[in-house]
Amino acid sequence: MAVLIGTISFVFSHIFNTETATLVPFLTAGFILWGFAAQCLSEGCLAFLNSEEYLKMEPLPLSLFILKTIWFNLVVAAHNAVVFLFVAVYYQVPVGINTLYFVPGLLIFTFTIFFLVLLGAVASTRFRDVPPIVANIVQVLFYLTPIVWLPSLIAQRASWILYNPFFHLLEIVRQPLLGQAPSAISWTYGVVMLVVVGIGALFVFGKYRDRVMYWL
């Protein structure tokens, strides 16, 4: 992770002519968070399919396999966060009251990913072509979301990209890590996304959970 972030930071700081003190902490936090979300979504779609033998042996709660995916990738993200700590110390990222926003931001971020994974797992069990579709969507979203480039660099005519809800979901965690308070717009996007995705996931899961075993 450190080598990857170092390489990307070196290349894009020269491409966009951006100071490394601004780009590197921004890129590092965003890359680690996006890596967590992308891995959860990719692996989560296969959560039930890869656990078929366990599910057929004994009646385990389906949510257990979603939690397993989330927990595993949280541990990986925590290990990768060490890279951000070194970056934050080296570039003297400010730590203050705004840093505390990291806690509610991370909770909203993680629960939203949890519900998205739950939706993906149910859909993938019924339709086996969902996992590659999700993988491609995640790849497209990576390029549409300010992760390796700063939002301030985008042209005015393309400012619609910043309405991307995943950008704001990322911001409510990334900005506190950078010592800044997330905007009210980002909080609104994050909460609305959590509520909408949560209700949708719980509805789908409640309606089709009994059919998962027949789809495996």
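Which residue forms a salt bridge with E171? The partner is R174, with the closest N and O atoms 2.9 Å apart. This is a predicted model, where local features need pLDDT of at least 70, side-chain atom pairs count only at pLDDT 80 or more, and totals for chains, interfaces and linings use all residues. Residues are numbered from 1 along each chain as its sequence is written, and side-chain values use heavy atoms, leaving out hydrogens and water.

**Salt bridges**
- A salt bridge here is a side-chain nitrogen of Lys or Arg within 4 Å of a carboxyl oxygen of Asp or Glu.
- By this rule there are two salt bridges.
- E171 and R174 sit three residues apart in helix α7, so about one helical turn separates them. Helices (H or I, at least four residues) and strands (E, at least two) are DSSP runs, numbered from the N terminus.
- E171 is buried because its relative accessible area is 8%. R174 is buried too, at 0%. Buried means under 20% relative accessible area, exposed over 50%, and partly exposed in between (1.4 Å probe, protein chains only).
- The side chains of E52 and K56 form a salt bridge at 2.6 Å, N to O.
- E52 and K56 are four residues apart in helix α3 (residues 52–57), so they too are separated by about one helical turn.
- E52 is partly exposed at 30% relative accessibility, and K56 is partly exposed at 49%.

**Nonpolar core**
- The largest nonpolar core has 63 residues. Such a core is a set of buried Ala, Val, Leu, Ile, Met, Phe, Trp, Tyr and Cys residues joined through side-chain atoms within 4.5 Å.
- Helix α2 gives the most to this core, with 13 residues.
- F31, W34, F48, I66, F109, I113 and V148 have the most contacts inside the core.
- V148 touches I8, F12, F16, L23, L27, F31 and F142, not counting residues up to four places away in sequence. Contact means heavy atoms within 4.5 Å.

**A buried threonine**
- T125 lies in helix α5 and is buried, with a relative accessible area of 1%.
- T125 touches F48, L49, V212, W215 and L216, again leaving out residues up to four places away in sequence.

**Surface patch**
- F10, V11, I15, F16 and L153 form a nonpolar surface patch, with about 460 Å² of accessible area together.
- Patch residues have over 30% relative accessible area and no salt bridge; like charges are joined within 9 Å, nonpolar side chains (Val, Leu, Ile, Met, Phe, Trp, Tyr) within 5 Å. Areas come from the Shrake-Rupley method with a 1.4 Å probe; for residues, only the protein chains shown count as cover.
- F10 lies in helix α1 (residues 2–15) and counts as exposed because its relative accessibility is 56%.
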